[in-house]
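Please look over the following structure with an eye to how its parts meet one another.

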Amino acid sequence: MSTNHGDIFNVNPYEAHASLSTLESEVLWEYAKLAQHIRLLTAKTKELSEQPDQNLVARLRVLERKMGLVSILFKASVWGVINEQPAIDIPEQYADETM
């Protein structure tokens, strides 16, 4: 059972165990390979969570600039639509009578 972690995928460490049948050693080997896959996945997940993906950050910054531009253009178009509407006549009863 003193096999290297990389060897677990190639060599069955339980194969020569005297008290295990062939099926039992194969099952234990599959569990050992699964455990190693989970260790590798956990290490990679930890690595990704500790440092941001620089490619993703750069792409998100480009998207942020584009969204800012879209927001400005949208506000400008709304302002343009508002300014194109004709002024509403104020009825006589609401007119300023202070003059």
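Which residues does Asn 12 touch, not counting residues up to four places away in sequence? Asn 12 touches Ser 25, Glu 26 and Trp 29, where contact means heavy atoms within 4.5 Å.

This is a predicted model, in which local features need pLDDT of at least 70, side-chain atom pairs count only at pLDDT 80 or more, and totals for chains, interfaces and linings use all residues. Residues are numbered from 1 along each chain as its sequence is written, and side-chain values use heavy atoms, with hydrogens and water left out.

**The helix**

Helix α1 covers residues 22–50, helices being DSSP runs of H or I with at least four residues, numbered from the N terminus. At 1.5 Å a residue, the 29 residues of α1 should span 42 Å, and the end C-alpha atoms are 42 Å apart, which agrees; the expected span is 1.5 Å times one less than the number of residues. Within α1, the residues Ser 25, Trp 29, Ala 32, Lys 33 and Gln 36 are buried, a term that stands for under 20% relative accessible area, while exposed is over 50% and partly exposed lies in between (1.4 Å probe, protein chains only).

**The segment before the helix**

Asn 12 belongs to the segment before α1 and is buried, with a relative accessible area of 7%. A polar atom of the Asn 12 side chain lies 3.4 Å from the backbone oxygen of Ser 25. Tyr 14 also has its place in the segment before α1, and Tyr 14 is buried, at a relative accessible area of 17%. Although Tyr 14 and Ser 25 are 11 residues apart along the chain, their C-alpha atoms are separated by 5.1 Å. Glu 15 is likewise found in the segment before α1, but Glu 15 is exposed, with a relative accessible area of 61%. Glu 15 and Glu 26 are 11 residues apart in sequence, and their C-alpha atoms lie 7.5 Å apart in space.

**Lys 33 and its surroundings**

Lys 33 lies in helix α1 and is buried, with a relative accessible area of 15%. Leaving aside neighbours within four places in sequence, Lys 33 is in contact with Ile 8 and Phe 9. The charged end of Lys 33 sits over the ring of Trp 29, 4.1 Å from the ring centre; for this, NZ of Lys or CZ of Arg must be within 6 Å of the ring centre and within 35 degrees of the ring normal.

**Salt bridges**

Side chains of opposite charge can pair when their charged atoms come close. The structure holds 2 salt bridges, each defined as a side-chain nitrogen of Lys or Arg within 4 Å of a carboxyl oxygen of Asp or Glu.

| Salt bridge | N to O distance |
|---|---|
| Lys 33 and Glu 30 | 2.9 Å |
| Lys 44 and Glu 47 | 3.6 Å |

Being 3 residues apart in helix α1, Lys 33 and Glu 30 are separated by about one helical turn; here Lys 33 is buried, whereas Glu 30 counts as partly exposed at 43% relative accessibility. Lys 44 and Glu 47 also both lie in helix α1, 3 residues apart, or about one turn of the helix. Of this second pair, Lys 44 is partly exposed at 43% relative accessibility, and Glu 47 is partly exposed at 37%.

Definitions and conventions: Helix = DSSP H or I, 4+ residues; strand = E, 2+ residues; numbered from the N terminus. Polar contact = N/O pair within 3.5 Å; in protein donor to acceptor, adjacent residues only side chain to side chain.
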